[in-house]
Structure formats: structure tokens, C-alpha cells
Amino acid sequence: MKFEVYDARAVQLIRPTDYWAVISIVSGGCAWPEIPVNPWFRGRLNLVFEDVGQDGASAAASGFTTEHAERILDFYTEMRPRIELLVIHCLVGISRSPAVAAALTTLEGEVDVHWFYQKRPNRLVYRTLLEQAERRGLWQRTLRGVDGEALTAADSTAGPAFGAASASSLPPCPRRAATSARIDRFQGGLVGSAIGDAVGELAFGALSAEHLEECIGNGTLHYTDDTAMALAIAEVLERDGDLGAERLGAAFATRYRQEPWRGYGPGAPSIFRTVQDTGCSFEEAARRSYGGQGSFGNGAAMRVAPVGLFYAGSSELEAKARLSALPTHAHPVAADGAAVLAWAIGTVSRLGAGQPLLRDALLDGMAAVAQTALFRNQLAALARHLAAASPPETAILELGWSQRADESVPFALFAFFTHPDDFAACVHCAVLHGGDCDTLGAMAGALSGARLGHGALPRPWRDQLENATMIAQLASRLAALAPEP
Ligand SMILES: [Mg+2]
């Protein structure tokens with residue numbers, strides 16, 4: 001289980017996408033913070049006590065007691081089988097909440113010293129919790145510090161005594177995917193996006209799914225600029241472990257010069273030429289484009305799958321997705337397209353196989369990511385059409401499907417949400433209704449592949465995709481390098 005500690009202000013801004021619960025600690029007379037509840041939320045424990053007894057002194061009457069410790073242990077024992085994340089907050093997030101986090105980290109059989117480097121855990125809280133846990137047989141100390149306090153976890157071979165979960169109507173927590181499953185999702189997202197891109201490119205002239213399959217035939221599926229730029233991002237992430245706008249711009253430009261025939265529109269190559277001719281930065285060239293407002297096209301969203309997968313579950317995800325737009329797309333609507341799609345890809349990639357999609361929660365999450373009214377309005381329209389089970393032909397009339405980010409990203413999401421468990425049906429829906437077919441396919445394919453995994457991609461399409469092995473291997477290496485959220 002993960003533990004996160006916040007102060008009373010920051011805890012009101014969190015939006016976990018793990019199954020989670022919260023321990024809320026306030027001082028007497030203080031208001032309880034408004035903690036946002038979402039479908040992954042499983043429970044809350046409210047406690048009132050003062051931050052006293054820090055230096056080994058006895059607690060005042062209003063300080064932490066064995067009764068508080070018992071309530072925390074009851075809550076922890078009840079929640080443990082069904083959550084992945086326990087959020088703990090107090091007023092400042094320095095003393096009381098880290099003490100609880102440190103003690104519970106010890107009960108998990110893990111080393112808790114990082115809490116003492118980063119914070120000043122309240123020693124009375126920490127010691128009382130561990131003493132009560134020891135009395136319950138939840139933990140057994142093996143070493144003592146110079147002041148007699150417990151320092152390390154119990155004999156790990158014995159393990160915490162949490163075998164028997166109490167009966168509950170709540171479902172058990174779907175534990176985080178194993179490494180092989182994580183690789184499968186990364187490969188599914190990147191290869192799925194490339195397949196969607198290539199199939200979509202062929203769909204520009206297709207009249208039906210059958211006609212599209214005839215167009216595909218037994219030949220090679222060639223991807224376009226969408227995938228070329230996504231691969232550039234993935235390679236920068238692999239090389240640097242991070243993203244920078246200028247490094248990304250240089251990687252895009254190099255890819256373009258190597259393979260200018262990948263179907264690039266006029267925008268990005270024009271920026272590459274401006275940088276080459278004037279020596280300005282990619283960001284500056286992107287800002288100057290389209291009359292000084294920057295592009296609001298879908299070029300940043302179409303390539304964002306590696307960002308969503310790499311930063312899945314990280315608080316950095318949205319910022320990194322927006323940063324990945326900067327070298328070519330300066331308009332806030334384009335950045336919204338990249339951020340919303342990256343968040344969606346990252347979030348669905350972390351759902352366990354066969355887990356419900358929690359569509360409404362995902363829609364709410366995306367609406368919170370979008371910063372422009374235009375994009376939020378489009379996401380609201382998407383939600384309406386999904387709720388009404390509109391056919392794609394009807395949804396398109398309101399959403400659109402052009403090269404604008406605020407049109408094509410919502411329609412790719414529509415295709416995904418209407419076919420959440422069938423990659424081919426999702427891609428067909430995205431690419432067979434006109435519009436910017438290759439990019440619609442790339443975005444829908446990234447979402448579906450990230451959710452379903454590489455193994456769920458249709459075998460013929462996988463076999464026909466050019467450079468499929470190279471893309472899958474790059475995805476696998478990226479999965480190994482990505483930070484553990
Ligand atoms: Mg393209």
C-alpha cells in the first residue's frame with residue numbers, strides 16, 4: 001500500500017485514481033477540509049488531537065491517545081484489503097500525519113526512515129501506534145533505537161497479521177498490475193496507436209469496414225507523422241528520462257528530415273524551417289505560427305501516448321503533456337488536447353484487466369484537466385452523447401472530427417468509450433466516419449491499446465504493421481524506465 005501525506009489545503013485538491021481512503025486529522029476547533037470524493041474513494045476516518053508530545057514528552061489531555069491509535073488501526077485493518085492508497089493529512093503535513101504514515105509503513109513490513117528525513121513525525125503518535133499494533137499482534141519489534149523507540153519492521157517472514165479481511169460489501173482492491181502486465185499496456189498503447197494511425201490513413205478512401213479490410217489486404221500497414229513524432233517522444237524519454245521542449249523539438253525535426261514523406265501537414269515542417277533559418281527556439285517559432293496565436297490542431301494530442309503511459313499516475317502527467325505540445329503547438333486548446341488525452345491514456349492503462357471503466361469518473365477527471373472553456377464544453381457534449389448512446393453519425397454533428405484538437409480528441413474518446421473492450425471496433429468507429437482519419441485512429445488506438453494491452457490487438461494488424469517489433473521493444477524499455485507512481 002502507498003501512503004501520501006498532505007497539508008489541509010493540498011488535500012482538497014487531490015484526485016486519486018487508485019482505490020483510496022483518507023485519515024483526516026485536525027486540531028480542536030478547526031474546520032474539516034472538503035476532500036473531493038470520487039468513485040475510487042473507499043472511506044474516511046476523522047480524528048481530532050493536538051500536535052503535542054513531539055519530543056518524547058507526555059501528551060497533554062488533548063494529545064494523541066491509545067484510543068486514537070485503536071481507531072487508526074481499526075480503520076487501517078478494514079481498508080487494507082480494498083485500497084491501494086491511504087491519504088493522511090493534518091494541518092501542515094509535517095508532524096502528525098507523517099507519524100501515522102511512518103508507523104503504518106512499518107506495519108506494511110517496509111522501511112519507514114524516509115518519513116524521518118523528509119518530515120518531523122510526531123514521536124508520541126509514532127510510538128503509541130506501534131505499541132498498540134504490537135499489543136494486537138499486528139507487529140513485533142526486532143530492533144530498538146537508543147531511546148528505546150522501535151526503528152524497524154517486524155520479522156518480515158512472519159508478515160503482518162492481516163490474513164482475514166472483515167466481511168464487506170465493497171469489492172476487493174484490484175492490486176497494481178505486475179511488471180509483465182505493465183509492459184503489455186505500454187506496448188498496447190504505442191503499437192495500438194501506430195496501428196490506428198496506419199489503418200486510419202487507409203480509411204480516407206474506405207466506404208465501410210469491409211471495404212477498409214479490402215484496402216488493408218495482406219500488405220504492410222504504414223504509419224504516418226503521428227507515430228513518427230510519438231516515437232521521437234518515446235526516444236527522448238528513454239534517453240533523458242524526462243522531457244524538455246527544445247530537446248523534443250530537435251527530435252521531431254530530426255525525424256522529419258529522415259522521413260519527410262510520413263504525411264506531415266504544413267505546420268510542423270514550417271516551424272522546423274523557422275528554427276533552422278532564424279536560430280530561434282522551437283517554442284518561439286511555435287508561438288509565432290498561425291498569425292501569432294499558435295496552432296490549435298491535434299498534432300500535440302496525436303503523439304502524446306508515450307507521455308500518458310510514462311507519467312501514468314504521476315502528478316507530473318498533465319504538465320509534461322502540456323510541455324510536449326510546446327515545440328509545435330502553442331495554442332491552449334492544443335495543449336488541452338494533449339493533456340486530456342494523456343491523462344485518459346495514463347489512467348486507463350492503470351486499470352486492472354477486466355476492471356470496469358468507470359466512464360463518468362473518467363469524464364469528470366478529463367473535465368478537470370481541461371483548462372479552456374472550449375474544450376470543457378466539448379467534453380460536456382461528449383458526455384451527453386455517451387449518456388444518450390448516440391450513434392457516431394449523430395455525435396459527429398456536434399463534436400466534429402476535424403484536425404482541430406477540440407474536435408478530434410473528443411471524437412476519438414467517443415470511439416473508445418463506445419467500444420471499450422474491442423480494439424478493432426474502436427478503431428473502426430474512429431476512422432470510418434470521415435474527418436482526420438489517421439489521427440483519430442492513432443488517438444483511439446492509443447486509448448484502446450493502453451486499456452486492453454498488446455495481447456488484445458488483432459494479430460493480423462500487429463503482423464502487418466511496419467517496425468512493429470521495434471515499437472514494441474521501445475515500449476517495453478520505456479515501461480521499465482517509467483517512474484513508479
Ligand atoms: Mg498523420
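This is a predicted model: local features need pLDDT of at least 70, side-chain atom pairs count only at pLDDT 80 or more; totals for chains, interfaces and linings use all residues.
Residues are numbered from 1 along each chain as its sequence is written.

**Entry on α13 and α14**

I find that α13 and α14 pack at an angle of about 145°, with their axes 9 Å apart; axes are lines fitted to C-alpha atoms, for helices over the stretch in contact, and angles run from 0 to 180 degrees between N-to-C directions. The contact is made by A339, V340, W343, A344 and T347 on the α13 side and by L362, G365, M366 and V369 on the α14 side, contact being C-beta atoms, placed from the backbone, within 7 Å. Helices (H or I, at least four residues) and strands (E, at least two) are DSSP runs numbered from the N terminus.

I then listed the buried residues of α14 (residues 359–369), which are L362, M366 and V369; buried requires 20 or more other C-beta atoms within 10 Å of the residue's own, exposed 12 or fewer, and partly exposed lies in between. These residues cover an arc of only 55° around the axis, which puts them on the same side of α14, the arc being taken over the directions from the helix axis to the C-beta atoms. They pack against α12 (317–325), α13 (332–349) and α15 (373–387).

**Entry on the cores**

I looked up the nonpolar cores, each a set of buried Ala, Val, Leu, Ile, Met, Phe, Trp, Tyr and Cys residues joined through C-beta atoms within 7 Å. The largest has 111 residues, and those with the most contacts inside it are A338, A412 and M443; its largest share, 12 residues, comes from α13. Leaving aside neighbours within four places in sequence, M443 is in contact with A301, M302, L341, S408, V409 and A412. A second, separate core of 39 residues includes F3, A99, A102 and A103.

**Entry on the sheet**

I read the strand order of an open four-stranded sheet as β1-β4-β2-β3, with parallel pairing, where two strands pair if DSSP finds at least two bridges between them. Because β1 (2–6) and β3 (41–48) stand at the edges with a single partner strand each, one side of each is left without a neighbour in the sheet. The twist averages 15° from one strand to the next.

For β2 (residues 20–26) I find five bridges to β4 (residues 85–89) and seven to β3. Opposite I23 stands I88 in β4, A21 likewise faces L86 in β4, and the bridge partner of I25 in β3 is L47. Five of the seven residues of β2 are buried, so this strand is largely enclosed by the rest of the structure.

I also checked the helices on the sheet: α1 (residues 66–79) touches β2, β3 and β4, with its direction at about 175° to that of β3, whereas α2 (residues 96–107) lies across β1, β2 and β4, running at about 170° to β1.

**Entry on G192**

G192 and L452, 260 residues apart in sequence, are 9.6 Å apart in space, C-alpha to C-alpha.

Methods. Two residues are in contact if their C-beta atoms, placed from the backbone, lie within 7 Å.
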